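Come along as I look things up, entry by entry.

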Amino acid sequence: DSVTVMFGKINTVDLYAAGHEFSGGRGVDTFQHVEFTGPISGITPPMIFGGIISVKTKPAKFTLMIYDPVSATMHSGLEDPFAQGVTFNSSVELASNFFGKSGKHTFSAAYSTREVTSLGDPYLLLPTTPPPDVEKGYWYAAYAFEQTLWRDAQDARKAWGLFGQVGMSDEDANPIGRSAIGGISGTSLIPGRENDKFGTGIFYVGFSNGLKDGLRLAGIPARDECGLEVFYNLALTPWLRVTADAQVIRPPVDNRDTAIVGGLRAVVSF
């Protein structure tokens, strides 16, 4: 009951959703933006080939992931596994009980042995430059939390709370240098609408300074990206849910206008 082992081709978006109550959702149940459904780290592909072991103890849950750094999204992962190195990803999850409400805090760190093109050279994208340097391995570290603010005493599935995550990485090798998300979500507190869900969140993606410098020299005015998402999931019947979603995104190209993205989503359960 305390040890879980997985091996094979693993969808990390589904994995993230299973471990997060107030974010995640696979783009189906709650948020739609990728930073909330599976925050981009630049070191963990959306589909991995490898293994995961988790051990639950009294004070904490320990997880170790070992996987091929090459995304397995478009292939099985068996063709030439680990030919470009290996990624080690470890995390420690600590439970909390602030003010009598459940929560958790997760500290994670990853290191990949994969050789990648160095992003530290500002002339990286110019065709007249010599071949860019190679970075042999790079790292990523993050802290994440979830904190329940309210939970129904009769039905534990009805709750709402806060979530957040901050991460940083080796900017010379990883295009994602810094990132952060935060928000609030859960089931509705509107009388008679207890089965509805709601959420709002903000995100920030700080791209590698070297990458932005290279893009600017190539004539592309690059900058960091940030945005806001709000959704309301309406439970019309026990088998039909409809979600209205709105996003406001400042794109990573400086001369582009702020984007407003609206969405409508329906899920039918048979």
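**Entry 1: burial**

Before I start, one cut-off: I call a residue buried if its relative accessible area is under 20%, exposed if it is over 50%, and partly exposed in between. I also keep in mind that this is a predicted model.

Arg193 has 28% relative accessibility, so I wrote it down as partly exposed.

**Entry 2: the sheet**

Next I looked up the strands. I found an open sheet of 12 strands, with antiparallel pairing, in the order β1-β2-β3-β4-β5-β6-β7-β8-β9-β10-β11-β12. Which strands stand at the edges? They are β1 (3-11) and β12 (259-268); each has a single partner strand, so one side of each is left without a neighbour in the sheet. On average, neighbouring strands of this sheet are turned by 15° against each other, direction ignored.

I picked one pairing to follow by eye. Strand β4 (residues 87-96) pairs with strand β5 (residues 103-117) in the antiparallel sense, over 10 bridges. On this pairing I could follow Leu94 across to its bridge partner in β5, His105.

I then stopped at two residues in other strands. Leu264 lies in strand β12, and at 72% relative accessibility it counts as exposed. From Leu264 to Asp245 I noted 6.2 Å, C-alpha to C-alpha, for two residues 19 apart in sequence. Glu229 lies in strand β10 (residues 225-237), and with a relative accessible area of 0% Glu229 is buried. Glu229 and Phe203 are 26 residues apart in sequence, with 8.6 Å between their C-alpha atoms.

**Entry 3: aromatic rings**

How many aromatic pairs are there? The count comes to nine. I looked at two of them.

Phe36 and Phe163 are edge-to-face, with 6.2 Å centre to centre and 85° between the planes. Phe36 lies in helix α2 (residues 34-37) and Phe163 in strand β7 (residues 159-169), so this pair ties together parts that are 127 residues apart in sequence. Both Phe36 and Phe163 are buried.

The second pair, Phe49 and Phe82, is tilted: I noted 6.4 Å centre to centre and 55° between the planes. Phe49 sits in strand β2 (residues 47-56) and Phe82 in the loop between β3 (60-67) and β4, so here the parts tied together are 33 residues apart in sequence. Phe49, at 7% relative accessibility, counts as buried, whereas Phe82, at 33%, counts as partly exposed.

I also found a cluster: ring pairs link Phe31, Phe36, Phe163, Phe203 and Phe231.

Val3, Val5, Ile53, Leu64, Ile66, Phe82 and Phe88 make a nonpolar surface patch of about 570 Å². β1 and β3 are the elements that give two or more residues to the patch. Phe88 belongs to strand β4 and is partly exposed, with a relative accessible area of 38%.

Phe82 has another entry: its phi is positive, about 60°, although Phe82 is not a glycine. I found a positive phi at Phe99 too, about 55°, and Phe99 is not a glycine either. Phe99 is in the loop between β4 and β5 and, at 85% relative accessibility, counts as exposed.

**Entry 4: salt bridges**

I searched the whole structure for salt bridges and got 10. Besides the one in my first entry, I looked at two.

Asp224 and Lys212 meet in a salt bridge at 2.8 Å, N to O. Asp224 lies in the loop between α3 (209-217) and β10, and Lys212 in helix α3, so the pair ties together parts that are 12 residues apart in sequence. Asp224 and Lys212 are both buried.

Asp213 bridges to Arg216, with the closest N and O atoms 3.1 Å apart. How far apart are Asp213 and Arg216 in helix α3? Being three residues apart there, they are separated by about one helical turn. Asp213 is partly exposed at 34%, and Arg216 is partly exposed at 42% relative accessibility.

Methods:
Residues are numbered from 1 along each chain as its sequence is written. This is a predicted model: local features need pLDDT of at least 70, side-chain atom pairs count only at pLDDT 80 or more; totals for chains, interfaces and linings use all residues. Side-chain values use heavy atoms; hydrogens and water are left out. Two strands pair if DSSP finds at least two bridges between them. Helices (H or I, at least four residues) and strands (E, at least two) are DSSP runs, numbered from the N terminus. Axes are lines fitted to C-alpha atoms, for helices over the stretch in contact, and angles run from 0 to 180 degrees between N-to-C directions. Rings of Phe, Tyr and Trp (its six-membered ring) pair if their centres lie within 6.5 Å; planes under 30 degrees apart count as stacked, over 60 as edge-to-face and the rest as tilted. Buried means under 20% relative accessible area, exposed over 50%, partly exposed in between (1.4 Å probe, protein chains only). Patches are made of residues with over 30% relative accessible area and no salt bridge: like charges are joined within 9 Å, nonpolar side chains (Val, Leu, Ile, Met, Phe, Trp, Tyr) within 5 Å. Accessible areas come from the Shrake-Rupley method with a 1.4 Å probe; for residues, only the protein chains shown count as cover. A salt bridge is a side-chain nitrogen of Lys or Arg within 4 Å of a carboxyl oxygen of Asp or Glu.
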